[in-house]
Amino acid sequence: MRFIVCSVLLLVGLSGGAQPIVPTPALVTMGKGHFVFGPKTVVRGEDERLVRVFTGYLRGKWKFDNRTGSSVVYLNSRGAESLPAEGYRLSITPDSIIVTGRGAGLFYGIQSLIQLFPNGSEAAAVLPCLTIEDWPRFRYRGFMLDVSRHFFTVGQVKELLDWMAFYKLNRFHWHLTDDQGWRLEIKSHPKLTSVGAWRVPRIEFGGNTLAPKPGEKATDGGFYTQEEVREIIRYAADRFIEIVPEVDVPGHSLAAIAAYPELSVTRDSSSKVNPGSTLATWFPQGGFKMHVDNALNPSDEKVYRFLDDVFGEVAALFPGKYIHIGGDECYKGYWEKDSAVQAFMHRSGIGNATALQAYFISRLDGIIRSKGKTLIGWDEICQGDSLGNETVMNRFGEKAAIAQIRQGRDIVLASHDGNSGLYFDYTQSTSDMEPSHHGSNAAPLWHSFLLDPEYGSLDKKHILGVEACLWTEYVSSADKMYYMTFPRLLGVSETGWSQQARKSWPSFAEKDLPVHLERFDKAGVNYRVPPATGYIDTVIETSSYTFVATTAVPGAKVYFTLDGSFPSEAAHLYTAPILIVAPAGKKVTLRTIVITPAGRRSIVTKAVIGEQVALVITTNQASKKIEIYDFAVSDWNSAEAIKYEWRPNDSANGWGLPSEARVRNSTFFGGQQLLVADSYGFCAIVPFPALTGKTWSINLGPHINPHAIELLPNGNVAIAASDGGFVRVYTSSQGPGSTGYASFRLLAAHAVLWDPAYNVLWVTGQYTTSKHILTALKIMGTAAAPVITEEMAYRSILPSPWGHDVQPYTGDVNKLLVSTNQGAHIYDKVTKAFREAPHDIGGLSGVKGISNLSSGRMALTRPDAGKAPLPFESCKLNGWSTSYVDFYSADGVYKLSRHRNGAAYYKGRFLNAEYQ
């Protein structure tokens, strides 16, 4: 094994021009010349408070005095009448700087001016001449911090507010109460904090977290006094941030019940504040059962008097419009078993427990309105028609948001859908080196950046804005809070403020992100360091590979190893692209790490480099078999060419024209499995390479024509059926032949592909009789009760009709390979658009299967063999001309075709080791 330095690599950075402003301004016009900002630059303005904000920054960061001098900065409101709400105008000429705006607009103009200053502290700052006119897209731009699961100090909250203001976020949603702690002093009910704010100490939440032991002291916790709350409110108001306090009721109320057991139905005096141990069992088919009563009693008038006291003090403390009441995940089982509650429901004409919760919400709405405030809550406040047109904080995603808007409700988008990127307790990549986290979805930065919150032609006036949520079950320190928040908060800032047309992910990633990561590094604030490569773990099937690394943090260093060991400062220092040559029959394991100037580290990436045994899997409609060939054997008619073959060994009606074959490695089924589908209706999962028996099977019957089959991580099976006009997700956990399924109507459904990086199911089909599409389906619900919704943002018209296959683009999780009846295409998941393939295939007739390897080799199945100069054989088998699997090199040059005499391949593709 050897590696060769090829050339000098310039790490990503900025050269010249203005420092990038996040969020991206609406209008920027560059001028000529520059303004030199130094200690003698005078700052003047009508709003003394904002003058102090700016001069305070100058003294703290640059040690400037700014009391006397010749050049001037004006902060004024004259001419601001024409600006939109929160808008500003910033003009820099060689002689002066003028920031124009009112209130929040003027403040945001100052933040943009500050961002134009270099990250370093020098004798003077040279600012380019320019004019900016800017205003927000949405009026609600929020961040939620859960301080119930883990408590954060006043100082830590203030520092977070500083960063929010810097990136023009204007709502701080403060999740103050839950089962794990009550954090707000309520003078009329002091036990809420003397008891409810404390629990037995535990490191973090999870299935192995122990419940309180007998006699164990509750020493972990904390709360905010009302004076501390007023201090934070004043601090936030100075930064034009409105605080939205949340007191979570009627469920998630165990901390309150531990203090006052009489608030619950069970009145259990042994109730304890939960330290993160398991409170409930969640059922695969949906729903859950609480082991402890954590809900308030909706039939007891004493509860409403308690709530009137609590929300009266909350309303008196917080000057903002909204009070958040939670309203989510309320278990009603204890209500349904209680005779007094049932008698109350009978007297009140309340038909079921859902309607009882709606009654509770309506009573609470009246209490909050009587305090001059507006109720906001999670999606469940809509259940049972409890409210009129009240504001909903939407966490259920697009389908629920559309329904809520159609009901005339204002909504704030805070979806837990991983593709929204708004749940910061989700991991930022699929690497097992990421810190502990909640949920199974990965929500990287580009998800929050690319999110477009506006839904089709619906009334957009009801979409108030977006909010990122950081639930803290696994976040016990400020350092981890910032790791989970940065740089994802920048994406939320862009989505909430910037016009969609102004957002450019490539430009942001290349130019803007490095400057702001450098700012975090120098400020001593923790953040996730982007890795040195576009992949995390991959296989590169070639004997020679040029390794090119990049870093998004200026001044950071990349270290790598070639022996599989974890890299550190003692490893090889990357300085230029390196040619890595693997010895014949050997593999080289490349690992990389990025270390910033402040010593922060990225996750470690891994690539296994070397020639692999390349297998090609085909569906041969002539032999009616699944055939797997050794690519290295040139004559596919020889006996040694076929390594494996399979067809049903029973009289399975519905087998005759195999249309799909792929291999997946399944934890659920205990190893590698061969997935097969036949156009006559038979689909099966078979152990591979044993190829005996069937792990799972189903016969859809005639005239359904299943074209593709895919295995989901939870063991469920997705099938696309062309003539059936559907994509179905079968609940394979119920055993072979299961009939339980969720269905999504999709005309001419031809392809399904599970995407572990984006947690979606990619499909091709039609949404009318003429529009052929690629789109993504989100599989929600549980393994036993899946729910399918379309991710509308990914719906794209195919470059040519009739999509046949969708496969991963090996080595880049942000791309897909797509075949149609006229050619091969690449889909970019980030830009959500098709682009030309990196090879000149030309107008192929009827491309069915498609796949590639990291080495760049590409396989295409061509049932109609009429394209010169490729081989052509005139015959008809099962309606297809004799077919071939064509192979292309990395540079797009046609190399060869392989076929077996008389074979009629419907699909043929590499067995891609990276995706099994």
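**Exercise 1. Strand β24 and its partners**

How many bridges join β24 to strand β27, and in which sense do the two strands run? Work from the predicted model above.

*Solution.* 
Step 1. Locate the strands: β24 covers residues 557-561, and β27 covers residues 588-595.
Step 2. Five bridges join β24 to β27, and the two run antiparallel.
Step 3. Consider the surroundings. Four of the five residues of β24 are buried, so the strand is largely enclosed by the rest of the structure.

**Exercise 2. A hairpin and an open sheet**

Find how many residues lie between β42 and β43, then give the order of the strands in the sheet that contains β44.

*Solution.* 
Step 1. Strand β42 spans residues 772-781 and strand β43 spans residues 786-797. Four residues lie between them, and the two strands form a hairpin.
Step 2. I773 has I797 of β43 as its bridge partner.
Step 3. Turn to the sheet. It is open, has four strands in the order β44-β45-β46-β47, and its pairing is antiparallel.
Step 4. Identify the edges: β44 (803-808) and β47 (833-835) each pair on one side only. On average, neighbouring strands of the sheet are turned by 35° against each other, direction ignored.
Step 5. Check one pairing. β44 is paired with β45 (residues 815-820) through five bridges, in the antiparallel sense. The bridge partner of Q807 in β45 is L817.
Step 6. Recall the general rule: the strands of a sheet pair through backbone hydrogen bonds, in either a parallel or an antiparallel way.

**Exercise 3. Aromatic pairs**

Classify the ring pair W446 and W505, then the ring pair F486 and F520.

*Solution.* 
Step 1. For W446 and W505, the ring centres are 6.3 Å apart and the planes stand at 65°. Planes over 60 degrees apart count as edge-to-face, so this pair is edge-to-face.
Step 2. W446 is in helix α12 (residues 445-450) and W505 is in helix α15 (residues 505-523), 59 residues apart. W505 counts as buried because its relative accessibility is 15%, and the cut-off is under 20%.
Step 3. For F486 and F520, the centres are 4.3 Å apart with 15° between the planes, and the pair is stacked.
Step 4. F486 lies in the loop between α13 (478-485) and α14 (488-497), while F520 is in helix α15, 34 residues away in the chain. Both are buried: F486 has a relative accessible area of 0%, and F520 has 0% too.
Step 5. Widen the view. W446 and W505 belong to a cluster linked by ring pairs, which also holds F449, F508, Y758, W762, Y794, Y827 and F834.

**Exercise 4. Buried or exposed?**

Determine whether Q115 is buried or exposed, and do likewise for L691.

*Solution.* 
Step 1. Q115 is in helix α2 (residues 104-116). Its relative accessibility is 0%, so Q115 counts as buried.
Step 2. Name its contacts, leaving aside neighbours within four places in sequence: Q19, P20, I21, V22, F166, Y167, H516 and R519.
Step 3. L691 sits in the loop between β34 (682-687) and β35 (696-699). With a relative accessible area of 16%, L691 is buried.
Step 4. With neighbours within four places again left aside, L691 is in contact with Y644, E645, W646, L674 and V686.

Notes: Residues numbered from 1 in each chain as written. Predicted model: local features only at pLDDT ≥ 70, side-chain atom pairs only at ≥ 80, totals over all residues. Heavy atoms only, no water. Buried < 20%, exposed > 50% of the residue type's maximum accessible area, 1.4 Å probe, protein only. Contact = heavy atoms within 4.5 Å. Pairing = 2+ DSSP bridges. Axes fitted to C-alpha atoms, helices over the stretch in contact; angles between N-to-C directions. Phe/Tyr/Trp six-rings, centres within 6.5 Å; stacked < 30°, edge-to-face > 60°.
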